[in-house]
Amino acid sequence: MNRRMLLVESLESTLFAMQDYFEGRGFEVLRARSRTEAEAALLQPEITIVLIDVRLANGEGHGGIDVAKSARARRPETPIVLLAWYATPELQEEGRQSGADVVIERPCRLGEIAEIVERLC
């Protein structure tokens with residue numbers, strides 16, 4: 001089975017580290033560094049799971065919440081994982097309301113994220 005992940009992360013070093021990690025576990029990883037890139041990537045076929053950093057750089061604030069809403073609208077059955085620094089109860093709730101299946105608080109190990117990804121896929 002082909003597994004394709006959309007990874008939305010504005011920090012390039014984190015984006016590439018996560019891409020390498022998940023490609024090593026059999027995923028094809030589509031990368032997006034902004035809300036605009038993520039919106040375009042959501043048009044790609046057969047995305048198995050979407051991982052989104054809640055706080056996108058470049059003044060997008062909690063732009064990841066908006067990306068999650070778009071992902072849920074375009075791909076209702078695709079699991080969505082939000083990654084958040086300081087995942088307050090309010091942010092956790094906002095993430096769930098945006099359509100996220102899981103909100104993971106950072107910092108965390110990639111292995112923890114991978115366990116959740118495997119469970120959802």
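Hi everyone, let's start with helix H1, residues 12-23. At 1.5 Å a residue, its 12 residues should span 16 Å, and its end C-alpha atoms are 16 Å apart, which agrees. That expected span is 1.5 Å times one less than the number of residues. Helices here are DSSP runs of H or I with at least four residues, strands are runs of E with at least two, and both are numbered from the N terminus.

A word on the source: this is a predicted model, where local features need pLDDT of at least 70, side-chain atom pairs count only at pLDDT 80 or more, and totals for chains, interfaces and linings use all residues. Residues are numbered from 1 along each chain as its sequence is written, and side-chain values use heavy atoms, leaving out hydrogens and water.

Which residues of H1 are buried? They are Leu 15, Met 18, Gln 19, Tyr 21 and Phe 22. Seen down the axis of H1, these buried residues fall within an arc of 165 degrees, so they line one face of the helix. The arc is taken from the directions from the helix axis to the C-beta atoms. Buried means under 20% relative accessible area, exposed over 50%, and partly exposed in between, with a 1.4 Å probe and protein chains only. The face turned away from the buried side carries exposed Ser 13 and Asp 20. Here is the general idea: an α-helix has 3.6 residues a turn, so residues three or four places apart point the same way.

Now for a partner of H1. Ala 17, Met 18, Tyr 21 and Phe 22 in H1 meet Leu 110, Gly 111, Ile 113, Ala 114 and Val 117 in H5; contact means heavy atoms within 4.5 Å. H5 (110-120) is also among the elements covering the buried residues of H1.

Next, helix H4, residues 89-97. Its buried residues are Leu 91, Gln 92 and Gly 95. Down the axis of H4 they fall within an arc of 105 degrees, so they too line one face of the helix. Pro 89, Glu 90 and Gln 97 are exposed on the face turned away. Cover for the buried residues of H4 includes helix H3 (63-74), E4 and E5. After H4 comes Gly 99, with a positive phi near 115 degrees.

Last stop: Leu 82, in strand E4. Is Leu 82 buried or exposed? Leu 82 is buried, with a relative accessible area of 0%. Beyond its neighbours within four places in sequence, Leu 82 has contacts including Ile 52, Ala 68, Gly 95 and Val 103.
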